[in-house]
Amino acid sequence: GDWKAAMRHGEAAGAGWSKWMNAEQLAWSLYDAGCWGYASVTINTLVPLVFKQDMPADETKYVSAIWANASAGGTLIAGLMCPFLGAAIDQHGLRKVTLVVTSIAMVLLLSYFVTMDPTAGWVPL
């Protein structure tokens, strides 16, 4: 028979993942995993390097602690909010709109972050 139709309905022999999700769900899951990998590398590796490089010399010893606390706080907030926001977004069918809006916001915020001058009015935590 038609293997594409079988995959859509979870009937393909030997396709273990199709018992739990269809092809669209698998594609979204793989995209989501790749997206989180990119975000993790960008936010947890590259941004702290820029952050530390641009810090005033007398405050560089605090950079790791500040960044660790900021990352932990952001992760906690995201972990608490994301299930509820995700459910609301799915319920209203706004998945792609939310993806575009949050992607644009991330690009703008990271672009602003790179242009910031930490010596001008920097307030240590």
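The following dialogue reads several features of a predicted model.

Me: How should I read burial, and what share of the residues of the chain count as buried?

Reply: A residue is called buried when its relative accessible area is under 20%. In this chain of 125 residues, 14% count as buried.

Me: Is Leu80 buried or exposed?

Reply: The cut-off for exposed is over 50% relative accessible area. Leu80 has 55% relative accessibility, and therefore counts as exposed. This residue is found in helix α3.

Me: Which residues make the nonpolar surface patch?

Reply: Leu80 belongs to that patch, together with Leu76, Ile77, Met81 and Leu85. The patch covers about 500 Å².

Me: How much space lies in the largest pocket, and how many residues line it?

Reply: For a pocket, one considers the space and then the lining. The largest pocket holds about 1,800 Å³ of space, and 38 residues line it. Trp36, Ala39, Ile43, Thr102 and Met106 are the lining residues that lie nearest its centre.

Me: Which helices supply at least two residues each to that lining, and which classes of residue does the lining have?

Reply: The helices are α2 (23-53), α3 (63-92) and α4 (95-115). By class, the lining of the largest pocket comprises 26 nonpolar, nine polar and three charged residues.

Technical notes
Residues are numbered from 1 along each chain as its sequence is written. This is a predicted model: local features need pLDDT of at least 70, side-chain atom pairs count only at pLDDT 80 or more; totals for chains, interfaces and linings use all residues. Side-chain values use heavy atoms; hydrogens and water are left out. On a 1 Å grid over the protein atoms alone, a cavity is a set of points where a 1.4 Å probe fits but cannot get out, and a pocket is an open set with protein on both sides within 12 Å along at least five of seven lines; lining residues have an atom within 4 Å of a point. Grid points are joined across faces, edges and corners, and a volume is the space filled by probe spheres set on the points. Helices (H or I, at least four residues) and strands (E, at least two) are DSSP runs, numbered from the N terminus. Ala, Val, Leu, Ile, Met, Phe, Trp, Tyr, Cys and Pro count as nonpolar, Asp, Glu, Lys and Arg as charged, and the others, Gly among them, as polar. Patches are made of residues with over 30% relative accessible area and no salt bridge: like charges are joined within 9 Å, nonpolar side chains (Val, Leu, Ile, Met, Phe, Trp, Tyr) within 5 Å. Accessible areas come from the Shrake-Rupley method with a 1.4 Å probe; for residues, only the protein chains shown count as cover. A salt bridge is a side-chain nitrogen of Lys or Arg within 4 Å of a carboxyl oxygen of Asp or Glu. Buried means under 20% relative accessible area, exposed over 50%, partly exposed in between (1.4 Å probe, protein chains only).
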